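Thanks for coming, everyone. Please bring up the model on your screens. I'll walk you through the fold and then a few residues.

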Amino acid sequence: ASFLDPVVEEEKAEELLSLIQTELSPYERQVFDLYIQKISTSEIAELLGRDEKSIQNAIGRMLVKLRKRLGR
């Protein structure tokens, strides 16, 4: 492990946060914030007053957008 590892990891985290802010819609960011807290899709749907299918679609769009931008 290099002494630069924490710096590199911090830069990657900042890049990911920037991507999230620029690539995701406000609705997708809401879903993302709840999703990364390990809240289930049904709970997210209830919290946001949306259909569970809408939440699943938003998660799918988020993953496609982020993978595309991260080159994966």
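One term before anything else: contact means heavy atoms within 4.5 Å. With that, take L48. Leaving aside its neighbours within four places in sequence, L48 is in contact with Y27, Q30, V31, L34 and I55.

A word on the basis. This is a predicted model, where local features need pLDDT of at least 70 and side-chain atom pairs count only at pLDDT 80 or more, while totals for chains, interfaces and linings use all residues. Residues are numbered from 1 along each chain as its sequence is written, and side-chain values use heavy atoms, with hydrogens and water left out.

Now the fold. Helices (H or I, at least four residues) and strands (E, at least two) are DSSP runs, numbered from the N terminus. The protein chain has four helices and zero strands. Along the sequence, the pattern reads α-α-α-α. How spread out is the protein chain? Its radius of gyration is 14 Å, well over the 11 Å that the globule rule gives for 72 residues, so the chain is more spread out than a compact globule. That radius is taken over C-alpha atoms, and the globule rule is 2.2 Å times the number of residues to the power 0.38. The C-alpha trace spans about 45 × 20 × 20 Å along its principal axes.

Next, burial. Buried means under 20% relative accessible area, exposed means over 50%, and partly exposed is in between, with a 1.4 Å probe and protein chains only. Buried residues make up 21% of the 72 residues in the protein chain.

Which residues have the most contacts inside the largest nonpolar core? They are V31, F32, I55 and M62, in a core of 14 residues. Helices α1 (5-23), α2 (26-35), α3 (41-48) and α4 each supply at least two residues of this core. The largest share, five residues, comes from α4. For the record, a nonpolar core is a set of buried Ala, Val, Leu, Ile, Met, Phe, Trp, Tyr and Cys residues joined through side-chain atoms within 4.5 Å.

Look at F32. Leaving aside neighbours within four places in sequence, F32 is in contact with I20, L24, M62 and L66.

Stay with α2. Its buried residues are Y27, E28, V31, F32 and L34. They cover an arc of only 165 degrees around the axis, which puts them on the same side of α2. The arc is that of the directions from the helix axis to the C-beta atoms. These buried residues pack against α1, α3 and α4.

Back to L48, in helix α3. L48 is partly exposed, with a relative accessible area of 25%.

The charged end of R50 sits over the Y27 ring, 4.1 Å from its centre. The test: NZ of Lys or CZ of Arg within 6 Å of the ring centre and within 35 degrees of the ring normal.

Last stop, K38. K38 lies in the loop between α2 and α3. Is K38 buried or exposed? At 77% relative accessibility, K38 counts as exposed. Its phi is near 65 degrees, a positive value in a residue other than glycine. Most residues other than glycine have a negative phi.
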